[in-house]
Amino acid sequence: MDIGGNSLASGSVTVKRKVCYFYDPEVGNYYYGQGHPMKPHRMRMTHALLAHYGLLQHMHVLKPNPAREKDLCRFHADDYVSFLRRITPDTVQEYSRQLKRFNVGEDCPVFDGLYSFCQTYAGGSIGGAVKLNHQHCDIAVNWAGGLHHAKKCEASGFCYVNDIVLAILELLKFHERVLYVDIDIHHGDGVEEAFYITDRVMTVSFHKFGDYFPGTGDIKDIGFGKGKYYALNIPLDDGIDDESYQSLFKPIMRKVMDVFRPGAVVLQCGADSLSGDRLGCFNISVKGHAECVRFMRSFNVPLLLLGGGGYTIRNVARCWCYETGVALGIEVDDKVPEHEYIEYFGPDYTLHVAPSNMENKNSREMLDNMRAKLLDNLSRLQHAPSVQFQERPPDTEIPEADEDEDDNKDERKDPDDDVNVDYLRETTPSRVKMEIIEPDAKDEIEMELDKGVRETDESLNDIECLMNPTLPTEAEAPASESLHTHVEEENSKNLPEQPEDMQHD
């Protein structure tokens, strides 16, 4: 059991880290529908940049195995997961009552392959947690994950399954304490709510607050019961820039690491906090956003990097590509290399874009007062909490992909960009070396443990029943180590078109 990481930001940014990168080439095919701002296509664009910058060769590239129903039910209600599995565009009329009950239909539409999409992005985050738990890497990356709004019993804010909560539950099997940090412009409400009453998970969210979705995340929201002071909210106003943002982020996170001493960190890197995002209102540059990744990396604590929001997709790809380089300790060139999506990055074809001249409504006085208040809250935590464990729960099994679940999804045009590109592109075939990583003997023994030791810590039971106490308090825990498909090299494949224009919502 890891009792916590180094509390000093002592790791050099140039020191190389072992990085596992999770990517499914089919993820870019999923399509929320015409006019919807969420575009999984951005993951394909990010992957294409990583390939052409030569970053894939420095990582272990893995195709995530889809999370199974019982994996998802470690957090989500059984009937909600069953609904996601059954609902399709053809059966919507049969589930009118459930659509309303589970908040599916508008912001969270029903689309072809919805359940497979959830399985894919959740599988990547859970798989990353397993890799970190077994020390197979220092940093795990799943840009398809980070869907932080999903609740135990309902979809919310373009999010259906909360892969972050599932990954944290996996990390808690090996680590006494896990830190969650959210730099998406929207409050990480789903994750905070899931862990609001436990001291084993600290949630820290930097977000826009005030007449803005989801409307939660006041600085006064600090956790409850055992979890009091283990939720930190940093509510911000329009136009915050790099300097103002880092004047809060670094001192607060340094104090968090010193006081909480987590054994693992999950960093949600939502890119809608970037300047120029179509749904955002901050003024942060790619380098400013990536500075958060660089700073958290420097603590030498196992780190899971996840995606999240981001709706100007050319900037999302820029950001996550650059942050992958930061994770690796590699400074990538500003000039975007020739590749399938080069038209997106014109007219300058650079990775970095200058912030705008919008007004910063976050005054120095406001920032100073907020920083003082949050540091005072942290000072109330005298030392890292200790947790007595009787026996570690078995690892989550991530099954091999079922070929029968392929949906032959259409590749759709993305409405975010304003240049015309051919609908289909020719791509070079990938050379993929597949390797199945078998569980070791110790893990096989653990697979046979009695299911009664699924949850050995009372706080995990609190976590699972928090969202709705009237629902069953325990979900069956999976019972074996994952079998991962290990991809040593993977070129970008089946990279789709650039989509049509769309109106702002």
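In this predicted model, M253 is in contact with L179, V181, V204, F206, F295, M296 and F299, once its neighbours within four places in sequence are left aside. In soluble globular proteins, nonpolar side chains tend to be buried together.

Aromatic residues were examined next, and the structure was found to hold 21 aromatic pairs. One of these is formed by F249 and F295, whose ring centres lie 6.3 Å apart and whose planes meet at 70°, so that the pair is classed as edge-to-face. Elsewhere, Y30, Y32, F111, F117, Y121 and Y160 form one aromatic cluster, and the charged end of K152 sits over the ring of F75, at 5.9 Å from the ring centre.

Helix 9, which spans residues 286-297, also contains H289. This histidine has a relative accessibility of 2%, and because that value falls under the 20% cut-off, H289 counts as buried. The side chain of H289 is joined to that of E323 by a polar contact of 2.5 Å. Beyond its neighbours within four places in sequence, H289 is in contact with I183, C269, G270, A271, S273, L274, I284 and C319, as well as with E323.

Conventions. Residues are numbered from 1 along each chain as its sequence is written. This is a predicted model: local features need pLDDT of at least 70, side-chain atom pairs count only at pLDDT 80 or more; totals for chains, interfaces and linings use all residues. Side-chain values use heavy atoms; hydrogens and water are left out. Helices (H or I, at least four residues) and strands (E, at least two) are DSSP runs, numbered from the N terminus. Buried means under 20% relative accessible area, exposed over 50%, partly exposed in between (1.4 Å probe, protein chains only). A polar contact is a pair of N or O atoms within 3.5 Å; within protein, one must be able to donate a hydrogen and the other to accept it, and residues adjacent in sequence count only if both atoms are side-chain atoms. Contact means heavy atoms within 4.5 Å. Rings of Phe, Tyr and Trp (its six-membered ring) pair if their centres lie within 6.5 Å; planes under 30 degrees apart count as stacked, over 60 as edge-to-face and the rest as tilted. A charge sits over a ring if NZ of Lys or CZ of Arg is within 6 Å of the ring centre and within 35 degrees of the ring normal.
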